[in-house]
Amino acid sequence: MARPGREHWQGVKRIFRYLRGTADIGLVYGNGKECLVTGYSDSDYAADVDTRRSVTGYVFTLGGSVVSWKSTLQSSVTLSTTEAEYMALTSAAKESIWLKGLVGELGIAQDFATVYCDSLSAICLAKDQVHHDRTKHIDVRKNFKVGSVPSQAMDHIIAERKRREKLSQRFIALSAMDKASVLGDAIKYVKQMQEKVKKLEEEAKKKSVESAVFVKRSYVSAEENTTDDQLSAKSAVTDAAGSCCEGSLPEIEVRFSDKDVLITVHCEQKKGMFEKLISQFEKLNLAVISSSSLAFGGSALAVTITAQMESDYSLTAKDLVRHLHSTLN
C-alpha cells in the first residue's frame, strides 16, 4: 500500500459501490423459532486468478438469524472441487463446535450442530473417508471430522442434486430445439383455435329460437248507453294460430332452441293436472329433463318444464301449444 496503483483505486471504488448499493440491507433478528445452531458451507473453486486458491465460505444461524459468517481464501491450492468443498466443510465444522459450546454456556442445550453442504462428493467423503489416489493427497488436518452426517441431511442433498440434474436436462433439451419450428407450431395452433371459435360462433348464429304463446288478453270497451265510469270488461283468449275462445285459463308459452324445449303453463289447479301434462309430453316424444309446479293464488297452478326433443318428434311450437291446450281443457 506504500505505492497504490490503478488496480487499488478500482478496488476502493468497488467497495464504495458495494456500500452504497447495500445501504438499505441489514440483518433481521426475530423470535418464536427453535434456538438451534445451523450452518451452511460452500466454496468457490480456484477463485483467485493469481494464486488459483479457492475461497471458503460459511454462514451460521441461531434460531433462523445470522450470527456468524466468513469468506476467505483457503491456505493451499486444491486440485479438485471435492477437495475445495471438503476444506470449506472442515472450517465450518470447527466453527460449529465453537458456537455450540458458546450457546451451551448461555444455557441452550444442543446435542450437535448441523452443517449443510451442496457437494455430494464432499458429504460422502466426510461420512466415509475412503482414501484412494484422488484423495490421499489431502492433508490430515483437513480430515477434521466432527461426526457422521445425519441421514436426513444426506437424503435432502441427494434429492436436491437429482432435482437440479432434471432441470439441467430440460434446459438442454429446450436449447436444442429449433426456435423457428416452435414458433411455427405455436402460430399454427393459434390459427386452429381461431377457426374453431369462428365455427362455434357460426353454429350459435344458426340456432333458431321458435316460440308460441297461448295467453288470455283482456280488453275494456264502453257501451253506447253507459257513462265514463260504467264499463263492462270482456275477455278473449288468442292463440298463436289466431283463433279466439272465451275463458280465463290456461296460459301456455313454448320456446324451442335447437333440440331444447321450454314450456311454461299457467292453468287451473285440478287433481292430477301436473301428471297429465307429463304423460302428454311422453306421448309427444319429448324427454322431460326437469319440471316444477307451484300453486299460484287459491286456484291456479304455475308449471315450468324443460325437455328435449327425441328423434321421432316433428311438431312445431304452435302445434305443441294446441296439443297442450286440448290436454288441459
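Predicted model: local features only at pLDDT ≥ 70, side-chain atom pairs only at ≥ 80, totals over all residues.
Begin by selecting Cys267, which is buried, with a relative accessible area of 2%. A search for disulfides across the whole structure returns 0.

Continue to helix 2, residues 81-105, and pick out Glu83 within it. Glu83 is buried, at a relative accessible area of 7%, and a polar atom of its side chain lies 3.0 Å from the backbone nitrogen of Leu79.

The aromatic residues come next, and the structure holds 3 aromatic pairs. One of them joins Tyr58 and Phe60, whose ring centres are 5.6 Å apart and whose planes stand at 70°, so the pair is edge-to-face; both Tyr58 and Phe60 are buried. Another is made by Phe256 and Tyr313, with centres 6.2 Å apart and planes at 80°, so this pair is edge-to-face. Here the pair links distant parts of the chain, 57 residues apart, since Phe256 sits in strand 8 (residues 251-257) while Tyr313 is in the loop between strand 11 (300-309) and helix 7 (317-328). Both Phe256 and Tyr313 are buried.

Finish with the charged side chains, among which the structure holds 3 salt bridges. Select Arg255 and Glu253, whose side chains meet in a salt bridge at 3.0 Å, N to O; Arg255 is partly exposed, with a relative accessible area of 37%, and Glu253 is partly exposed at 26% relative accessibility. Then select Glu268 and Lys270, where the salt bridge has an N to O distance of 3.7 Å; Glu268 counts as partly exposed at 35%, as does Lys270 at 47%.

The last stop is helix 7, in which Asp319 and Arg322 both lie, 3 residues apart, about one turn of the helix. Asp319 forms a salt bridge with Arg322, the closest N and O atoms being 3.0 Å apart. Asp319 is partly exposed, with a relative accessible area of 27%, and Arg322 is partly exposed at 40% relative accessibility.

Terms used:
Residues numbered from 1 in each chain as written. Heavy atoms only, no water. Disulfide = S-S within 2.5 Å. Buried < 20%, exposed > 50% of the residue type's maximum accessible area, 1.4 Å probe, protein only. Helix = DSSP H or I, 4+ residues; strand = E, 2+ residues; numbered from the N terminus. Polar contact = N/O pair within 3.5 Å; in protein donor to acceptor, adjacent residues only side chain to side chain. Phe/Tyr/Trp six-rings, centres within 6.5 Å; stacked < 30°, edge-to-face > 60°. Salt bridge = Lys/Arg side-chain N within 4 Å of Asp/Glu carboxyl O.
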